[in-house]
Amino acid sequence: SNLSANCWSRLHPVNMFNNYNMKFHHSKALTSPYPGSHIERSQVPEDKVGWLTEWKDYNPVEYTAKSVLAGPSWADPQISDEGFSPKFNERDGEVERKSLNGLYLIENGRPRNPVGRTGLTGRGLLGRWGPNHAADPVVTRWKRDRSGNKVAHPATGKNILQFVAIKRRDCGEWAIPGGMVDPGEKITATLKREFEEEALNSLQKSPEEKAKLEKQLQKLFSQEHFVVYRGYVDDPRNTDNAWMETEAVNYHDETGETMDNLPLEAGDDAGVVKWVDISEKLELYASHSYFIKLVTEKLGAHWSEDPGSECHE
């Protein structure tokens, strides 16, 4: 799982035909123990990840966390529960069960992970059977010196980009301050809400402070933005029956004026929040390094000191 993010598409070329014609693999979705538990996944060899490869002896471990089985509002009941008949591959009331990657198969009443085997069935820590939708706001600015001039990387001559990163409480890894889309919520609302909660600690602010933050953020979140990625995510919480999907969106503060005046403060699921210089050396949660790399490409910012280190198809 420590393979550099720019080379990940070479591992399991499962073409998912999403907007960006991305090729997927499972790496973090095969790691053990499963997050927050001592559960070991059944080992899945690289050549047996894809469902098209026959594997009669495949015997995955069944696991759904107690926190999910307790029936919180964000979680589905068990498939076998009476009265629970989810409408997969469509919008089911307020719950979006459509995948960003197209149709997924249903086997024995359970959705099947479109990218392949993970060595674990059930839902693990995920609330929904099938796709669990998240939103990741990538908020960026240029790194500047004390005089306000952009700082270029000495090796490449390209300007260094910074993004707002949080250190996750659950696993201690650095990440984009994103979160789950609430039922019925528009993705744009999720992106703004999650950034406020995780990076500005808005849940602990007074109504007056909150209103002030809202006003400042409105400018950033209402400007032109770049949809970095939409689709499946190689996440350590994924199982054969439940998986993460996200929409990552870049909000870039070109002048730095909007974000310079915002007091970053860790909140909700974040332990620490800060501006982080972007380069290929960053090791981030799930597929976040890949999203960050796409942003540097779009903005022409520094990424790698060694131009030959990237994989070329």
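Biologist: Over the ring of which residue does the charged end of K48 sit?

Modeller: This is a predicted model in which local features need pLDDT of at least 70, side-chain atom pairs count only at pLDDT 80 or more, and totals for chains, interfaces and linings use all residues. Residues are numbered from 1 along each chain as its sequence is written, and side-chain values use heavy atoms, with hydrogens and water left out. A charge sits over a ring if NZ of Lys or CZ of Arg is within 6 Å of the ring centre and within 35 degrees of the ring normal. The charged end of K48 is 5.5 Å from the centre of the ring in question, that of W55.

Biologist: How are the planes of F221 and Y251 arranged: stacked, edge-to-face or tilted?

Modeller: Rings of Phe, Tyr and Trp (its six-membered ring) pair if their centres lie within 6.5 Å; planes under 30 degrees apart count as stacked, over 60 as edge-to-face and the rest as tilted. The centres of F221 and Y251 lie 4.4 Å apart with the planes at 40°, so the pair is tilted.

Biologist: Which residue in strand 11 does K167 stand opposite?

Modeller: Strands (E, at least two residues) and helices (H or I, at least four) are DSSP runs numbered from the N terminus. Two strands pair if DSSP finds at least two bridges between them; strands 10 and 11 pair in the antiparallel sense over two bridges. Opposite K167 stands W174.
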